[in-house]
Amino acid sequence: MSDKVEVENVNTPGKITRVDAAKYNAMYKALMQVLPHEAPGMVVKDVIAEAKKHLPDDLFPGGSTAGWWVKCVQLDLEAKKKIARAEKPPVRLYRLD
């Protein structure tokens with residue numbers, strides 16, 4: 001299994017970035033646990049706070065870097081149309097499945 005995973009960015013279509021697979025997968029799992037299935041969704045600061053509760057401490061000691069990883073996984077999942085953001089500010093996220 002590769003130690004990297006390719007991610008997309010909804011804001012820059014066609015651009016692929018490789019990131020740490022273990023951290024990506026842990027954050028993906030955490031986001032899927034906390035994001036609601038209906039709009040308007042959760043504001044990002046609440047997503048970060050809730051996701052931290054589901055992250056392994058060996059990868060995210062004390063929740064460090066969780067905010068960056070939420071954004072990384074969020075933009076990838078938006079590009080893949082697995083999550084969406086509400087139409088009006090503030091940014092609120094929800095699952096599409």
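Trainee: Which element gives the most to the lining of the largest pocket?
Mentor: This is a predicted model, where local features need pLDDT of at least 70, side-chain atom pairs count only at pLDDT 80 or more, and totals for chains, interfaces and linings use all residues. Residues are numbered from 1 along each chain as its sequence is written, and side-chain values use heavy atoms, without hydrogens and water. Helices (H or I, at least four residues) and strands (E, at least two) are DSSP runs, numbered from the N terminus. With four residues, the top contributor to this lining is α3.

Trainee: How much space lies in the largest pocket?
Mentor: A pocket is an open set of points on a 1 Å grid over the protein atoms alone, where a 1.4 Å probe fits, with protein on both sides within 12 Å along at least five of seven lines; lining residues have an atom within 4 Å of a point. Points join across faces, edges and corners, and the volume is the space filled by probe spheres set on them. For the largest pocket that comes to about 210 Å³.

Trainee: How many nonpolar residues does its lining have?
Mentor: The lining includes Val 7, Glu 8, Lys 15, Trp 68 and Leu 75. Ala, Val, Leu, Ile, Met, Phe, Trp, Tyr, Cys and Pro count as nonpolar, Asp, Glu, Lys and Arg as charged, and the others, Gly among them, as polar. Three lining residues are polar and three charged; the nonpolar ones number five.

Trainee: Which residues touch the most other members of the largest nonpolar core?
Mentor: Such a core is a set of buried (under 20% relative accessible area, 1.4 Å probe, protein chains only) Ala, Val, Leu, Ile, Met, Phe, Trp, Tyr and Cys residues joined through side-chain atoms within 4.5 Å. Of its 24 residues, the top two are Met 27 and Val 47.

Trainee: What is the strand order in the open sheet of three strands?
Mentor: Two strands pair if DSSP finds at least two bridges between them. β3 (42-43) and β4 (83-85) are the edge strands, each pairing on one side only. β5 pairs in the antiparallel sense with β4 over three bridges and with β3 over two. The order is β3-β5-β4.

Trainee: Which residue in β5 is the bridge partner of Ile 83?
Mentor: A hairpin of six linking residues joins β4 to β5. Across this pair, Arg 85 stands opposite Leu 93. The partner of Ile 83 is Arg 95.

Technical notes
Buried means under 20% relative accessible area, exposed over 50%, partly exposed in between (1.4 Å probe, protein chains only).
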